[in-house]
Amino acid sequence: IGIGEGSNRYEPVKSHADEYVHDERHDDVPYVNVRKKSKMIFTLLMSVLFLPYRRMKVQPNKVTFLSNRADRLTGNIKAVFFEMTKLDNVDITVLCKKGGLKDNLPNLFKFFKLYATSSVVFVDDYYHFLSYIKKKDDVKLIQLWHACGAFKTFGFSRLGRDSYLRQSSPNHRQYDYVIVSSNEVIPYYAEGFGVAMEKVIP
């Protein structure tokens, strides 16, 4: 097992320059709309491609570790992996590739099969593909998160800040469980991931 923008500014053509008043608040609207539509199309495409895999049976003893933080498991998820290897009759698979969505596209169909057939899936960060696929009910998705404690904002707790998630975003909300370091940080992780507090386990 291998453990292993610039600014998009736009300015309409001015047929009557003296009648045009530039408003910087609308500079990024076309870019945002195009990006939103592109994500909708990609989500639809991903859902269609995943359909054949959705019919696959979940294997009770199959466990998968997913990470795009590095080309091998590190930190929390690595520790859990080694503990899982001590169990008998557990089929463990690791899929790691450092980078974003484009970097991981070569692993898309491998991800489909693993996500459709694993009874338990561990992640340690935002794993891009998960945002475009509706999780099967009998698959348990567990977020181990790579950081200890709650020293910075993340996910939905960044509302109104740079790179924040809209409240309507499906990112993170599909987690069945979130593992944290103590009872004190439960509210922060529940808010950050948009999940119920009872799903956050110290």
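Tyr-115 touches Phe-50, Val-121, Leu-130, Ile-133, Lys-135, Val-139, Leu-141 and Gln-174, leaving aside residues up to four places away in sequence; contact here means heavy atoms within 4.5 Å. The model is predicted, so local features need pLDDT of at least 70 and side-chain atom pairs count only at pLDDT 80 or more, while totals for chains, interfaces and linings use all residues. Residues are numbered from 1 along each chain as its sequence is written, and side-chain values use heavy atoms, with hydrogens and water left out.

Tyr-115 also belongs to the largest nonpolar core, which has 32 residues; Phe-111, Phe-112, Tyr-115, Tyr-127, Val-178, Tyr-189 and Val-200 touch the most other members. A nonpolar core is a set of buried Ala, Val, Leu, Ile, Met, Phe, Trp, Tyr and Cys residues joined through side-chain atoms within 4.5 Å. Two or more residues of this core come from each of α1 (29-54), α4 (108-117), β3 (118-123) and α5 (186-193). Helices (H or I, at least four residues) and strands (E, at least two) are DSSP runs, numbered from the N terminus. The most residues, 6, are given by α4.

The structure also holds 17 aromatic pairs. Rings of Phe, Tyr and Trp (its six-membered ring) pair if their centres lie within 6.5 Å; planes under 30 degrees apart count as stacked, over 60 as edge-to-face and the rest as tilted. Two pairs are set out below.

| Pair | Centre to centre | Angle of planes | Kind |
|---|---|---|---|
| Phe-42 and Tyr-132 | 4.9 Å | 90 degrees | edge-to-face |
| Phe-50 and Tyr-53 | 6.4 Å | 10 degrees | stacked |

Phe-42 in helix α1 and Tyr-132 in the loop between β3 and β4 (140-143) are 90 residues apart, and their pair links distant parts of the chain. Phe-50 and Tyr-53, in contrast, both lie in helix α1, 3 residues apart, about one turn of the helix.

Burial is judged by relative accessible area: buried means under 20%, exposed over 50% and partly exposed in between (1.4 Å probe, protein chains only). Phe-42 has 23% and is therefore partly exposed, whereas Tyr-132 is buried at 11%. Phe-50 is buried with 1%, and Tyr-53, at 17%, also counts as buried.
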